[in-house]
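Please look over the sequence and the structure below before reading on.

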Amino acid sequence: MLSKIKSIFSLSKENLETNNKNNNQIPVKEEEYVPSAFEILKFNFQFLKIDYSSILYRYIYYIYDSYVRVITPFILLEVKNAIVENDFEKMKYQIVKYMLLKFILQILCFLDTKINYNQNQETEQQVQKSILENILSKDVQFFEDNKITQLADTLKQGSEYIANELSYGNIYQKFNLAITIISKMYFIYYLSPYLLINFLVTCFLFQIVMFLLFLKIEKLQEKKSKKNDVLDFVVDDILNNITVIKTFGTELKESSRIQNMILKSEEESKQINALQQMSYVLRSASFEIVNICLILQIFFQIGLSAPINQVAQSITDIFQANYYGFQLANQIIRIILNKPENYYLDGKKQAGKIMQLFKLQSGIPQDIYYDKKDESQFTGDIVFDNVSFKYPASKDSLAKINQKIQQEDKSIENNQQDQISSKQQDELEYSSDQDSDLSDQNLQKEDTKLLELNKQNSAFEREYVINNLSFKIKQGQYVAFVGKSGCGKSTIIKLLQRYYDTTSGSILFDNQNIRDCSIGKLRRSVGFVSQEPSLFDNDIEYNITYGSIDSDYTDEDIQKVCDMSGVSEFVFDKNRFPKGLKTLVGSKGMKLSGGQKQRIAIARALMKKPKILILDEATSSLDAESEHQVQQQIDKLAQQGDLTLIVVAHRLSTIAKSDKIFVLKHGEIKEEGTHAELLSKNGIYKKLVHYQINFQDKLKKQI
Ligand SMILES: Nc1ncnc2c1ncn2[C@@H]1O[C@H](COP(=O)(O)OP(=O)(O)OP(=O)(O)O)[C@@H](O)[C@H]1O
Ligand SMILES: [Mg+2]
C-alpha cells in the first residue's frame, strides 16, 4: 500500500521529467499526467483576460455571500430561541434582517451574472485561440509523432475544460463549497468543540477506507482507457482505409475485430460498476454510522441539560454539517494525494496534455506570425555544405500504442506482486480479476502482430538518409534531382524548406545559414508542389489563392496561373465544371482526379510568386499530353531568368532541358552535369535514360 501511495506521489514528477528530456515529443505516459489543482490554476490564469473592475465587483459579491452563509445558521438559532422565549419582537427583527440580507444577495447575484457572462465567453474563445496557435506553431516532426485526431480531441476537450475551470460559475461553486463547509464547521464548533473533533476524525477514517476503494476503481478505469486508446487507433485506421477494406471485402473481419475489443473493455466496465456500487453502499453506511455516533455524543455532552427542541435543532444542523464534512474530508484527501474525482479526472488529463503541449519546445522555431509588411525573399542562391541527415528518432503512433499495452502488462505484473505482498490490498481485489487477466492474455494474443511490428519499430533510431551531400544552385538555375525510389530526393526538398534540421553540415540561402534566418522569409521564398498535393475542403479558387495574403490578387492573376499550370483546361469547361473556379473540391480534394489536383497545386505555388519553385514529381499524375503542356510552361518559367527551379522527376524527358542534373544514390550525389554531359559519361544516368528509351521503343513496336 505504501508503495502505491509513493507511486502516486511520484507520478506527476516523473512525467514532468520525461517531458523535459524529450523536448520534441509528447511522452508516452502523457495520459497519466494529472496536474495538481494548483498547477492547473497557475497555468489557466494566463488565459484570463483580467478586468479588474469586474473582479473587484465579483469579490465584493463573494465576500457578502460568505458573510450571509456564515451568519444564517446563527440568525435561525436566534429565531428559534425567540420562539422558545415567546419574544415576538426579537423574532420579527431577526426575520426581517434575514430577508433583507437575502434580498441584497439576490440583487448582487443578478448583477454579477450579467457582468461576468460576457467575460466567460471571451475566456473560452481566448483559450481555444491560444491552444490552436500553440498546436500550429509546432514543427513537422510533431505532427508525424502525434495523431491528428487525438490533437483535435485535445484542442476541443482541453479548451472546454480550461474555459470551464475559469468560468464564473465554476469559481463561484468552489468558493461557495469552501465557505459553506467552513461556516458549518464553525457552527458545530460553536455547539461543542469536542463534537467537531470527533466528527472530523470519524469522517477522515471512513474517507480513507473509501479512498482505497477509489484507487482500485481508478486502476481499472486506466486499464479500460488504454484499451479504448487501442480501439480508437484501430477505428481511426479502419476509417482512413475504408476503400482498401471495400476492395478486399474485409468489412466483416474488421467489424468482428472491433467487437472483440469492445467486449474486452466491457469486462472492465462491469468490474468498475460493481466496485462503484460497493462504494455507494459503504458511503451511505458510513454516513449513517457517523450520524448515529454524533447523536449519541450530543445526548452525552449537551443533550442531558438542554431543552429537547434545542437538541432536535442541533441534530438537524449536525446532520447537515456531517454531509458537508464528508465532502470536505473527501476533497482534502484527494487534494493531498493529487487524485481528483473520476468525474473531473478526464478533464484534468486533457488539461495536463495541454500543459505539456505548451511546455514542448518546437524543435525548429516556427515563425507563425509572419510580418505581413515584410515581403523580402531569398534570391535563390542555395548551397548544401557537407550535409548529412537522418530522420529524428520518433515514436510512431502504432509503436506508441503498443508501448502502452506493454506498460499495462508490466503494471499487471507489478500488481500481481503487490497482491502477494499486501494482504490489505487483497481484501479490495475484486473477484473477477482473474477473468480480466485472461482477457489481457487474449488481447496480447490478438495483437501479437502489432507487438512484432513494435519490436521492429522500437529501435526508434533511424539510418542516415543523406550522406555528406554538397552542391550549389545559383539564382535562376533550373536543376533536377533524379535517382531510384527512396534515394533521398524528397528528403533533400524537406531539408531545403527546413521541415527538419540537418544532422550535420549546413544549408545556405544567399550565403546565410538557414538556421540563422527567419523561417517566414524562407517559406515566403519557396513555392512547393509535393508528390501528393493536399487541398483544402473548399472551392478551387480558395485553393489556388491560398498563399496570397489579404486577397492581394486580380482575376487576371488567377487566369494567368491557371493557364500556366493547365488548370484552365478543365476548370473553364462549362460542361464538366459548370461552377468553374467556385467548384468545391471535397475533403482532401477527393472530388478531383490526381492530375487535376496536381495542376491546382502548381497554380497555388505559382500564385505565390516565389523566387524558388520546387516541384517534387509534380507532373507524375498527368497524362502524357497534359504533362507536355505543363512542362512547356515550366520550361518558359525557367527561361525567365530570376526564378530558381528545382525539379524532382522520374520521367527523364521532363528534365532534359535543365541546367544541371544531380544523380543520387543512397543519399549521395553520384553524377552531376547537363543532360548531354551525363549521357557522355556512360554512368548511372545514361543507364536510366536507356532503360526509359528501350521501354518507349518497345511500346512503339507494339503499336
Ligand atoms: N518522415 C520520415 N521518417 C522516417 N523516415 C523517412 C521519412 N520519410 C522518408 N523516410 C525514409 O527516407 C528515405 C528517403 O526517402 P525519400 O522520400 O527522400 O525518397 P525519394 O527519393 O523521394 O523516393 P521516391 O522517389 O519514392 O519519392 C527512405 O528510405 C524513407 O524510408
Ligand atoms: Mg519522393
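## The shell around ligand 1

Helix H17 (residues 489-496) contributes the most to the shell around ligand 1, with 4 residues; helices here are DSSP runs of H or I with at least four residues, numbered from the N terminus. The model is predicted, so that local features need pLDDT of at least 70 and side-chain atom pairs count only at pLDDT 80 or more, while totals for chains, interfaces and linings use all residues. Residues are numbered from 1 along each chain as written, chains are lettered from A and ligands numbered from 1 in the order written, and side-chain values use heavy atoms, without hydrogens and water.

Of the 16 residues around ligand 1, those that come nearest are Ser485, Gly486, Ser490, Thr491 and Gln531, where a residue counts if one of its heavy atoms lies within 4 Å of the molecule.

## Polar contacts

A polar contact is a pair of N or O atoms within 3.5 Å. Ligand 1 has an oxygen atom 3.0 Å from a backbone N or O atom of Gly488 and an oxygen atom 3.2 Å from a backbone N or O atom of Cys487, while a nitrogen atom of ligand 1 lies 3.3 Å from a polar side-chain atom of Tyr391.

In helix H20 (residues 555-565), the buried residues are Ile558, Val561, Cys562, Met564 and Ser565, buried meaning under 20% relative accessible area and exposed over 50% (1.4 Å probe, protein chains only). Seen down the axis of H20, these buried residues fall within an arc of 165°, so they line one face of the helix; the arc is taken from the directions from the helix axis to the C-beta atoms. On the other side of H20, Asp555, Glu556 and Lys560 are exposed.

Methods
Helix = DSSP H or I, 4+ residues; strand = E, 2+ residues; numbered from the N terminus. Polar contact = N/O pair within 3.5 Å; in protein donor to acceptor, adjacent residues only side chain to side chain.
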